[in-house]
Amino acid sequence: MKAKKYKKSSQHSNKIKIILVLLAIIAGSLIFFLKSKFVDVTHANTQNLSYVALGDSITLAPQPGITGFVYLYQGFINSDLGLTVNLTNLGINSLSSTQLLDKLKTDNNFIQNATNANFVSLIIGANDFWTPRLSYLSNNCGGADNQDCLRTMVTTYKSNFDQIMLQIRALNVNPVINLRVGDIYYYLIADDIKSGAVTVLNSYLGQMNDYIHQKASVYNYSVANVHTAFNGQSGLEDPEAKGYIFTDKIHPTNAGHQVIANEFRNTGYSYTQELLPILLSPTLKTPYSVSSNPSATIRTTLKASNGYYYLLTANSSNIQTTATFTFTFKVPTPVDKMFEGTQATASGVIITDSFAPLAVHIYKFPTGADADLDTFPDSLETYLGTNPNSSCSTVSHTDAFPPDVNADGAVTIPGDILPIARAVGKNSSQSDWATYKRYDLDGNGAITLQDVLIASKFFGPGFCP
Ligand SMILES: [Ca+2]
Ligand SMILES: [Ca+2]
Ligand SMILES: [Ca+2]
């Protein structure tokens, strides 16, 4: 026993010698590099959320002197949630629902933005309505009642609308999206009232708007009531008379855009005050595997905040499935399903749940002693001042991983191991301890070879992707 122990500790001290020799060699050649490679550790807000605006010229708002509703809504998100969102306005002049669907399927810019968006606003359909309206007015719509083209348009619109929603959900990687859809206002309604065409035309616009409202619970969005704001409860009010319509007779004025933005704001937010800090906390590596019906896709994001794990999940497909999450550790029970008032089935390392098409579930359960699973307990991270809820500095933009002392996302010799090695001998009784405490990776109040060894063990990218 004794001999074995001696052998082990002798191997251990040989290891230390080898490391020290290596360090000495590298130190000389890298000292200049060290000086030039100082990395500033920032503690900025953890995540940038993105807002993507989809739609036609109402969304784009290209008229000079006009501030589109998307910019006003961006400001509301900012002031209501205390959150800065990056806006990408993908509005395109004259865009129809068919063209938007095509963009979401084939245009890389649209696909990329839809993939990462946290906030999405959508108003589509005014251009779908435009051509059949003109055909009807010129008696070219077809059919015995001159309404064939309007019927066809509504059928196509509904189909496109479904596919647009499914495509957004299929692309988007975030289990929780703040998806908001505006319904469609009736421009030029005064002309159609005068000609008597309004009754027929309004019934088709009404079918489009009804569909937008009907599908809200299916696709998990809220509707901004633009149509009622512009055309009133009767649907027959003239928005131009209210000052909402620009001189081109079609697009909103600044007042009109303000009204649209207000309606979007009135839908509230999917990101409740309870959910927002969780969404803003850094995403952790996944200590679990997911299995489900192979035709369904379950999106997941794991966060740790205030002593709890939050597993955000969504079925991004239109297929009912059971999903099984198999963790690398025993899941503490009970597992609450947030906003549902129920608990998930959890046993051992497994959480199992049923997912309706496009369903979202958020599971909440307590973390263990090491919330971010970076092998350094929360208590030690608190002592060091590192982020106990993130294991990667470049993901969270915080000082997150104890061995990555310069918080650049990797454990390197010049950036991390060498500074610790140079601090060996410092301890908590010294007046400059505050400068060196961060290197005390075993938390014993002194910088020793043990701390150098701990850092060396994580040489490489550590817990960063
Ligand atoms: Ca930790
Ligand atoms: Ca950490
Ligand atoms: Ca580093």
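Ala407 sits in the loop between helix 15 (393-396) and helix 16 (413-422); helices here are DSSP runs of H or I with at least four residues, strands are runs of E with at least two, and both are numbered from the N terminus. Ala407 is not a glycine, yet its phi is positive, about 55°. With 23 C-beta neighbours inside 10 Å, Ala407 counts as buried (buried means 20 or more other C-beta atoms within 10 Å of a residue's own, exposed means 12 or fewer, partly exposed lies in between, and C-beta atoms are placed from the backbone).

Keep in mind that this is a predicted model, where local features need pLDDT of at least 70 and side-chain atom pairs count only at pLDDT 80 or more, while totals for chains, interfaces and linings use all residues. Residues are numbered from 1 along each chain as its sequence is written, and chains are lettered from A and ligands numbered from 1 in the order in which they are written.

Leu373 also has a positive phi without being a glycine, at about 60°. Look for Leu373 in the loop between strand 14 (360-366) and helix 14 (378-384). Leu373 is partly exposed, with 19 other C-beta atoms within 10 Å. A cis peptide bond, with omega about 0°, links Thr333 to Pro334.

Now step back to the whole protein chain. It has 18 helices and 14 strands, and 39% of its 465 residues are buried.

Next, find helix 6 (residues 126-137), whose 12 residues reach 16 Å from first C-alpha to last. That is close to the expected 16 Å, the expected span being 1.5 Å times one less than the number of residues. Its buried residues include Phe129, Pro132 and Tyr136. Among the elements covering the buried residues of helix 6 are helix 7 and helix 9. Just after helix 6, Asn139 takes a positive phi of about 65°.

So how do helix 7 (residues 148-171) and helix 9 (residues 198-214) cross? Their axes come within 10 Å and cross at roughly 15° (axes are lines fitted to C-alpha atoms, for helices over the stretch in contact, with angles from 0 to 180 degrees between N-to-C directions). The two helices are therefore roughly parallel to each other, a label for angles under 35 degrees. Helix 7 brings Leu150, Val154, Tyr157, Lys158 and Phe161 to the contact, and helix 9 brings Tyr204, Gln207, Met208 and Tyr211; being in contact means having C-beta atoms, placed from the backbone, within 7 Å.

Definitions and conventions:
Angles under 35 degrees count as roughly parallel, over 145 as roughly antiparallel, 65 to 115 as roughly perpendicular and the rest as oblique. Two residues are in contact if their C-beta atoms, placed from the backbone, lie within 7 Å.
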